[in-house]
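I opened this entry to look at two chains and how they meet. My notes follow in the order I looked things up.

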Amino acid sequence: MDEKITVTVSGDADTVARKLRAAGMNVAQVLGAAGVITGSVAAERRASLTDLPGVAAVEAERTFQIAPPDAEVQ
Amino acid sequence: MADDADSYEAGAPLSDQTAEFTGRYIVVFADDMHREPGAITEALQSVAGVSRVASTLDFEAGALDLDQAEAADATVFAELGVAVMAADPSRGEGLAAMAEADDRILAVEPERILRAIDGPLSLEYVRGFRDGVSGLYDQLSGTGLAGAELDVAAASSFSDNAAFTWGLQACGAAVSPKTAADIAVAVLDTGLDLKHADFAGRPIVSQSFVAGQPAQDGHGHGTHCVGTSCGPNDPLGPSRRYGVATQAKIFAGKVLSDQGSGSDGQILAGINWALANRVEVISMSLGADVRQVSKAYEAVGRRALAAGTLIVAAAGNNASRSAGDPGFVGMPANSPSIMAVAAVDSNLRIADFSARSTTVRGGKVDIAGPGVAVYSSWPMPTRYKSISGTSMATPHVAGVAALLSQATGARGAELWAKLTQTARPLSLPSADVGAGLVQAPV
């Protein structure tokens with residue numbers, strides 16, 4: 001079962017992305033200016049990503065929801 | 001509440017206000033007084049009759065000795081041209097009357113409880129006091145003591161009129177000469193109605209980060225937020241003006257779908273796009289009711305500040321204050337590197353839904369903006385709509401940040417500091433409104 005994750009990198013994002021791919025992550029976006037890589041990984045492999053050089057944090061992807069257009073408070 | 005009594009000229013009645021005041025009085029001295037050592041102490045002694053006066057001039061580098069300050073009847077902040085003195089209300093009133101006849105004193109006002117004050121003066125107290133007084137001092141010296149003008153500057157109740165929304169009046173954008181020309185503001189939301197007449201001819205860059213949906217706003221929230229932050233000086237409506245940064249370059253990033261949902265991947269992609277375009281301000285009227293700080297948003301906010309981009313985000317609408325629930329600042333506004341924005345109403349009261357600070361590091365409200373019954377643009381054919389939320393307060397702050405950046409050249413962390421330093425202190429807990437109500441440069 002794949003989990004969607006957000007990886008915060010410290011260092012060059014492209015270099016870290018290569019290491020993440022090699023470790024089994026399906027990289028969706030390499031956001032160089034923000035220093036973040038998004039994608040998914042098999043649940044059992046997620047913990048191993050945390051130890052890679054240049055990886056500052058691995059977090060489960062969150063979703064955000066705003067109120068519907070006709071709501072009084074948005 | 002004493003919302004209608006934000007400041008007092010010399011001679012104004014001071015009684016019946018003791019409940020939310022400290023029992024001390026703030027005395028503001030004339031402009032030239034603080035340059036003469038001893039002049040303030042002398043005036044205080046002759047007008048107020050106090051004998052034991054501690055002055056910052058007596059201590060090295062203006063560092064007040066706390067024990068001496070506590071023992072004194074009055075403490076003079078010589079560099080600020082103000083003094084704080086203890087007095088019961090009747091004496092304070094008498095002092096105000098005497099001060100009216102003495103041109104060395106500009107104003108006497110009861111000291112409000114703005115923060116927790118325990119025991120002797122703390123550094124935080126003095127800093128908060130300095131910020132509050134310097135705003136009052138600027139008003140007084142700038143208006144030559146014209147009472148009517150002072151009242152306008154300190155008004156605490158607003159309403160939409162034919163020319164401006166109440167929010168533009170309350171945050172000073174209505175009278176600011178700045179337009180944010182050459183400043184870029186990215187609004188990461190549901191997109192923008194690119195066919196809205198009020199945005200025709202404006203420099204707009206739009207981009208969708210939602211698969212299968214164009215940047216065209218199919219919800220309305222994004223168009224409302226772009227309107228508040230960057231709406232034009234002369235809406236075609238015809239309509240009153242509702243936009244703060246009337247000439248800012250608009251980056252409309254669609255990170256929330258037409259159904260109002262978005263993922264980290266979409267939002268972070270939008271931030272990355274805004275950073276790559278070196279915008280000065282990113283406005284995010286979105287959040288999740290999560291207390292925990294996200295490492296990703298915290299790191300991104302820090303990198304943005306370092307790169308000269310300020311990110312402001314909605315504190316959240318999870319409070320229900322009338323039911324006793326003050327809520328909490330959610331993610332990503334709870335990141336220390338992202339400015340969290342609370343909402344106040346047109347009487348400068350905290351909005352019922354506006355989330356309060358938490359004890360999580362970074363989980364505090366940093367500033368407040370107009371966020372109740374906010375009139376702004378809405379996708380055609382509706383054209384305009386009034387709604388409420390910390391989502392509506394956030395673009396007020398983003399727009400003012402753009403004006404301030406244009407006025408001062410400040411970016412990133414420096415811009416953050418300017419926003420909080422120039423905010424108007426409110427008689428509300430800082431846990432609710434942070435530094436106070438955001439204020440446009442004049």
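**Chain B, overview**

I counted elements in chain B and got 12 helices and 15 strands. I am working from a predicted model. Chain B has 442 residues, and 54% of them count as buried. I also checked the contacts in chain B with a separation of 6 or more. Residues 24 or more positions apart account for 74% of these.

**The sheet of chain B**

I traced an open sheet of 7 strands in chain B, in the order β7-β8-β6-β10-β11-β12-β13. Its pairing is parallel. Which strands are at the edges? I found β7 (204–208) and β13 (367–370) of chain B there, each pairing on one side only. Neighbouring strands of this sheet are turned by 25° against each other on average, with direction ignored.

I then looked at one pair inside this sheet. Strand β10 (residues 281–284) of chain B and strand β11 (residues 310–314) of chain B run parallel and are joined by 4 bridges. B:Met284 has B:Ala313 in β11(B) as its bridge partner.

Next I looked for a helix on these strands. Helix α7 (residues 221–230) of chain B lies across β6 (184–189), β8 (249–254) and β10 of chain B. Its angle to β6(B) is about 160°.

**A hairpin in chain B**

I moved on to strand β14 (residues 374–378) of chain B. Is β14(B) mostly covered or exposed? It is mostly covered, with 5 of its 5 residues buried. A hairpin of 4 residues leads from β14(B) to β15(B). I counted 5 bridges between β14(B) and strand β15 (residues 383–387) of chain B, and the two run antiparallel. In this pair, B:Ser377 is opposite B:Tyr384 in β15(B).

**Two helices of chain B**

I checked how helix α10 (residues 390–408) of chain B packs with helix α11 (residues 412–422) of chain B. The angle is about 110°, and the axes are 10 Å apart. The two helices α10(B) and α11(B) are therefore roughly perpendicular to each other. Which residues meet here? From α10(B) I listed B:Ala401, B:Leu404, B:Ser405 and B:Thr408. Facing them in α11(B) are B:Leu415, B:Lys418 and B:Leu419. By class, this contact has 4 nonpolar, 2 polar and 1 charged residues.

**The sheet of chain A**

I turned to chain A and found an open sheet of 4 strands, in the order β2-β3-β1-β4. The pairing is antiparallel. β2 (26–31) and β4 (55–60) of chain A are the edge strands; each has a single partner strand, so one side of each is left without a neighbour in the sheet. On average, neighbouring strands are turned by 25° against each other, direction ignored.

I went through the pairs in turn. β2(A) and strand β3 (residues 36–42) of chain A are joined by 5 bridges and run antiparallel. A:Leu31 has A:Val36 in β3(A) as its bridge partner. β1(A) and β3(A) pair over 7 bridges, in the antiparallel sense. β1(A) and β4(A) also pair in the antiparallel sense, over 5 bridges.

**Where the chains meet**

How many residues of each chain are in contact? I got 32 residues of chain B and 25 residues of chain A. On the chain B side, β9 (261–263), α8 (264–276) and α9 (295–306) each supply at least two residues. The largest share, 9 residues, comes from α8(B). By class, this side of chain B has 14 nonpolar, 15 polar and 3 charged residues.

α8(B) lies across β1 (2–9), β2 and β3 of chain A, and runs at about 30° to β2(A). α9(B) lies across β1, β3 and β4 of chain A, and runs at about 130° to β4(A). β9(B) pairs with a strand of the other chain: 3 bridges join it to strand β5 (residues 63–65) of chain A, and the two run antiparallel. There, A:Phe64 is opposite B:Gly262 in β9(B).

Technical notes: Residues numbered from 1 in each chain as written. Chains lettered and ligands numbered in written order. Predicted model: local features only at pLDDT ≥ 70, side-chain atom pairs only at ≥ 80, totals over all residues. Axes fitted to C-alpha atoms, helices over the stretch in contact; angles between N-to-C directions. Parallel < 35°, antiparallel > 145°, perpendicular 65-115°, else oblique. Contact = placed C-beta atoms within 7 Å. Nonpolar A, V, L, I, M, F, W, Y, C, P; charged D, E, K, R; others polar. Pairing = 2+ DSSP bridges. Buried ≥ 20, exposed ≤ 12 C-beta atoms within 10 Å, placed from the backbone.
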